[in-house]
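Please look over the protein shown here. The report then goes through its sheet, its helices and its loops.

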Amino acid sequence: MIWITQWLCPRRHCVIAIAWDDQEMTAEEAERRGEQAFTQGIYRWCGICGGSLHVEHGRTKFNTMEKALPYIKAIEQANLRARSIMGVAGFD
Ligand SMILES: [Zn+2]
């Protein structure tokens with residue numbers, strides 16, 4: 001199954017997310033990979049509301065990454081558009 005691990009604030013704004021296949025890694029490994037992002041300049045708090053982050057692992061409805069990828073890419077594009085709007089509004 002395909003899972004998604006997210007770093008969320010209390011208001012559920014997602015700072016980073018990783019999709020992973022449980023045939024290839026464990027939740028702990030996914031979490032370690034995500035933690036690396038915080039060593040590369042991503043803040044450990046929400047840029048929208050300032051809340052601290054927690055980690056959640058959730059199983060998707062997809063059983064292969066091939067099936068999940070179109071949905072993941074669509075969400076990624078929507079988030080990038082929202083981020084650009086937030087930047088224009090001064091939330092960078
Ligand atoms: Zn937030």
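## Terms and model

Two strands pair if DSSP finds at least two bridges between them. Helices (H or I, at least four residues) and strands (E, at least two) are DSSP runs, numbered from the N terminus.

This is a predicted model, in which local features need pLDDT of at least 70, side-chain atom pairs count only at pLDDT 80 or more, and totals for chains, interfaces and linings use all residues. Residues are numbered from 1 along each chain as its sequence is written.

## Overall layout

The protein has two helices and three strands. From the N terminus on, their order is β-β-α-β-α. Along the principal axes, the C-alpha atoms fill a box of roughly 40 × 25 × 25 Å.

How much of the protein is buried? Buried residues make up 8% of the 92 residues. A residue counts as buried if 20 or more other C-beta atoms lie within 10 Å of its own, as exposed if 12 or fewer do, and as partly exposed in between; the C-beta atoms are placed from the backbone.

Contacts tell another part of the story. Two residues are in contact if their C-beta atoms, placed from the backbone, lie within 7 Å. Among contacts between residues at least 6 apart in sequence, 61% join residues at least 24 apart.

## The sheet

Strands of a sheet pair through backbone hydrogen bonds, either parallel or antiparallel. Here three strands form an open sheet in the order S2-S1-S3, and the pairing is antiparallel. S2 and S3 stand at the edges with a single partner strand each, so one side of each has no neighbour in the sheet. Neighbouring strands are turned by 20° against each other on average, direction ignored. Axes are lines fitted to C-alpha atoms, for helices over the stretch in contact, and angles run from 0 to 180 degrees between N-to-C directions.

Seven bridges join S1 (residues 2-8) to S2 (residues 14-21). In this pair, Thr5 stands opposite Ile18. Six bridges link S1 to S3 (residues 54-59). Leu8 stands opposite His54 in S3, and the bridge partner of Ile4 in S3 is Gly58. H1 packs on the sheet and touches S1, S2 and S3. The direction of H1 makes about 140° with that of S2.

Helix H2 (residues 65-88) has 24 residues. How far does H2 reach from its first C-alpha to its last? The span is 33 Å, close to the 34 Å expected at 1.5 Å a residue. That expected span is 1.5 Å times one less than the number of residues. Of the 24 residues of H2, the number buried is one, so H2 lies largely in the open.

## Two loop residues

Most residues other than glycine have a negative phi. Arg12 has a positive phi, near 70°. Arg12 sits in the loop between S1 and S2, a hairpin with five residues between the strands. Arg12 is exposed, with 11 other C-beta atoms within 10 Å.

Is Gly50 buried or exposed? Gly50 is exposed, because 10 other C-beta atoms lie within 10 Å. Gly50 is found in the loop between H1 (27-37) and S3. Gly50 and Pro10 are 40 residues apart along the chain, and their C-alpha atoms are separated by 9.7 Å.
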